[in-house]
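Hi there,

Here is the structure I promised to pass on. Have a look at it first, and then read on for what turned up.

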Amino acid sequence: MKTKIIVLLICYFPLIMAVFIPAVAVSAQQPTPSDDEMNAIARQLYCPVCENTPLDVCPTTACHQWRELIRQMLAEGKSEAEIKQYFVDYYGARVLSEPPITGINWLVYIVPPVTFLAGVYLLFRAFQIWKRMAKEPEMGVDKSDSPRKVPESSKRSGSAEDGKYVVRLEEELKKRK
Amino acid sequence: MLAQFGIGMFLLTFLLALFSVGAAVAGYFSKSDRWVEAARRSMLLIFPLITVAALTLIYLLVTGHYEIEYVYSVTSNDMPFYLKVTALWGGQAGSLVLWSWLMSAFASAVTLRKWERDRELLPWVIVVTSVTLAFFLSLTILYENPFARWWQTTAGDFVPRMFAPAGAVAITPMDGQGLNPLLRHPGMIVHPPMLYLGFVAFVIPYAFAIAALVTGHSDDRWIRLTRRWTLVAWVFLSIGLVLGMRWAYDVLGWGGYWAWDPVETASLMPWLTGTAFLHSVMIQEKRGMFKQWNMLLIILTYALVIFGTFLTRSGVFSSVHAFSQSAIGPMFFAFIGITFVTSLALLIYRWKDLRAEVEMRSLFSREAFFLLNNLLFMGVLIVCFWGVIFPLISELVTGQKVTVGPPFYQRANGPLFGALMAIMGIAPLTAWGRSTAGTLGRMLWKPAIPSLLTTVILLFLGMRNWIALIGFTLVAFVIFVTIYEFWSGGRSREKKVKENFLVALWQLVGRNRRRYGGYLIHLSMVVMAIGILGIEVYRTTTQKTLAVGEDIQIAGYTLRYNSLAQFPSTDGRFVTRANMSVFRDGKLLGNLYPRYDYYPTSGQMMTVAGVRSTLADDLYVVLVNWENVSLIQAPFKVYHNPLINWLWIGSLMFIFGFLVAAWPDREKEKREE
Amino acid sequence: MLQEPDNALAPKRGVPIWAQILVWIGLLGLLGLLAAGLLNAKNPILAVGSPVPDFTLTLFSGYEYNGAPEVKLSDLSGKVVVINFWASWCQPCASEAPDVEAAWRSIEGTDQAIFLGVDYVDTEPEAREYMTNFNLSYPNGPDMGGRNSQNFNRNMGVPETYIIDQNGILRFIQIGPFQSVAKILAIIDPLVAGR
């Protein structure tokens, strides 16, 4: 009788251990490709249905499916560009974090630099005009490099030429809006 | 009963606001002081009445009157007291009430000042503030009534109405939906009020500007009168933005502080023009220049405040932030149309009276750098505005929805902000008026050398990313310039007045509060830049599913998953919490408890990250609740955010800098009067 | 009192006309944009009674229509078209799917109507599982690029069903699942009969 019990215990020992110490026996299965590889791409995409939520942090079931799709495509050997193109084909351009350069989208990238450069140009012209205005009645004034305060009492008469430059200045200031 | 009283108060204040406008206009044109005084008193009366109405709403919120639709939608029995109070601004209707409340408070504060010297401006200041106030009150009364209650119609539908629909029965739910879990955070308590304070405070300089335009005053009295208001508005808006960043960082679960979401960007835009304005008015005060440009800037700031508020609430722009779509869109559109057109027309009409005084002698003078500052801020504004507007254009023109996201903004704004940092360093070294490359160069080399030394040290320490190198060099540059300014100022005073250096420094700062407060604010900005550079350039992240006892590694840290606990908490949440140990080089640094809370009343889930914060970095762990979590294994996402805490430290610093800059200097002000 | 700096004073000139025109055009443009945006947001759904814009639905492999792997709406004139938007991750879609299929089976023989299924923002493996589970025999295709759904509802949700008459006019919109086969047929039969 005793022997039977001992034999039973020995036979079932591994099973008993497995039940009581699962932490040691079980280890989490790591998917391949890994979460990090999948997230590297998911991070650059936006959830096709939610508002402005990147795909790697979107909590919905649908997003889970999309992330798994990315993982599967990576396992198939697809490149990042191919995966992104697939998403654009299936779900539209809104899944990208920036508009692709198609149709009128090139405007997104052109307008800010052009406007900024226009502003720079206007500012530059304005400077030139102001400097000319400031210099003209002061021909012959010492232009040494020493910093000194602007004489408060310098008066200036508005000559006709001054007027013309200032008109252009004001026009350009307005253009800057 | 209380509900009818509440809406009655709002109706009364709306009528008073209209009366203020009429009386002020009448008083101005008929040159009657009595009418203007009537307008002023009527405006003053609004604030206590709105306070009563708002307190009524708060009372209803706190005592759980769920028959009121707004109370039902933002509170529930399980919410703690303080959250029920702050739920006032948890929904659209209540947040509009907060807007009106703050607007009337500021308008009253402005009307309470001494007006003897500026009696001409008073009527129009009243008009502008009252019109704005009346607009927001009209939204509350007509579209977003916070006192509407639940009725069940004969058809069986539940509708919220102020007055009973025919044959409907009044309903009182037993419990409310409760506040969105994402909003149950200390940041929730302060972020919206701060932001609104900033928005509302910018209405005051705008009101004075319009008053100056209408009355034909072309001097800069209006700027001097609103100097402190502008600074106050700026600091509240800045605090509001930073709180939003902190809240997003803590609560959104992806360890980021800014997503360039349209609503976020919309609240940044008035800050950009407001900061440009803050600087540009200094030139007008010192050199009499740019009167037209300053008018334009403050009009733009007000326009962007209204536009930003519209954007958040109209349903036209898609955003995670946006309040649910409502009928107030068209009202906002009408208001925007009227105010933009009127402001612009006034400015054009008075353009020639704002005489341009053209004393700009040198490209290297301080005025020139202030202009450059404005140009750069406008550059960032164009990028932000265009990025927000473009998806709308794309959808309307091509029918295709596009996302303009972080890469666009970062690529465009990065260099612009970098240039602004450079100017923050160079401008204090320039002189007003005459200055040449030579004089500036002579000033520059002193802080430039240690800055370049910093670059070399960073290179030596292994930093290779050129964005980080340039960024940190500029940060160092501004720090050295600031130290130099304080040092040389203190030293020269010490020598001249024969005071102890520290006393000299104190006196120096005390007598030039705006300048040195400004330097402190610049310093705090680059400290914030340290945090931003750290997280943007050097952040890493990893995700892994762990079984109990397994590790995840990132940036030299090892995190071990110890256990998972699930339990209900005292206020009805069901909590799933993981216990993790953090190791570095084999040494245990501490434990983290990332968790997510499930709110049964609303069925919503909120992730709370476990964060280990040091000056060097944040270790930010999220228990990923949207993948499979079981007692055996759980997925974790870990973010390593280097230097992020300097962002928050910097923001505390700018509050201090503001206090220095804005602290009243009675003697100086008396001298200027 | 404020000391006016005695610098060059520009002569008083107003804003030049061309600048004014530019600025007003810009402002009116912005207002127009916002107005259009508001109108857009208010009416996201195609109105009943309006003609449905033509579209091409590329079908999942395994489905075909008249031997072709795609269907064009214009080719279907003369028949009543029932377009059902669904997704595999959508629970209510699963609840109505058997009814939709049954309705199709009952009307298939008459050749007077055609059912089309559009899979809205979904992934193919899960979609296939859904279609196999419910034995969907009518033509189904993915909503490529989101273009088809945008024609019907800019804020598309699932399930939604759009019923178009023989002349290409939208006659009925169902937001949410159908409760029964009878309800579906109750809409289709009158249209088929020409009413």
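**What turned up**

L69(A) counts as buried because it has 21 C-beta neighbours inside 10 Å (buried means 20 or more other C-beta atoms within 10 Å of its own, exposed 12 or fewer, partly exposed in between, with C-beta atoms placed from the backbone). L69(A) sits in helix α4 of chain A, residues 61-75 (helices are DSSP runs of H or I of at least four residues, strands runs of E of at least two, both numbered from the N terminus). I83(A) lies 14 residues from L69(A) in sequence and 9.4 Å from it in space, C-alpha to C-alpha.

A word on conventions: this is a predicted model, where local features need pLDDT of at least 70 and side-chain atom pairs count only at pLDDT 80 or more, while totals for chains, interfaces and linings use all residues. Residues are numbered from 1 along each chain as its sequence is written, with chains lettered from A and ligands numbered from 1 in the order in which they are written.

**Chain A with chain B**

Here 49 residues of chain A are in contact with 58 residues of chain B (contact means C-beta atoms, placed from the backbone, within 7 Å). On chain A's side, α6(A) provides the largest share, 13 residues. That side has 26 nonpolar, twelve polar and eleven charged residues (Ala, Val, Leu, Ile, Met, Phe, Trp, Tyr, Cys and Pro count as nonpolar, Asp, Glu, Lys and Arg as charged, and the others, Gly among them, as polar).

**Inside chain B**

Chain B is divided into domain 1 (1-179), domain 2 (187-385 + 395-408), domain 3 (409-536) and domain 4 (538-647), with bounds from an automatic or database domain assignment. The centres of domains 2 and 3 of chain B, taken over C-alpha atoms, are 26 Å apart. Their contact takes 19 residues from domain 2 and 20 residues from domain 3. On the domain 2 side, α13(B) gives the most, with nine residues.

**Chain B with chain C**

Helix α13 of chain B (366-398) also packs against helix α1 of chain C (17-42), at about 70° and with axes 10 Å apart (axes are lines fitted to C-alpha atoms over the stretch in contact, and angles run from 0 to 180 degrees between N-to-C directions). That angle makes α13(B) roughly perpendicular to α1(C), a label for 65 to 115 degrees; under 35 is roughly parallel, over 145 roughly antiparallel and the rest oblique. L392(B), I393(B) and L396(B) meet L33(C), A36(C), G37(C) and N40(C); five of these contact residues are nonpolar, two polar and none charged.

Happy browsing!
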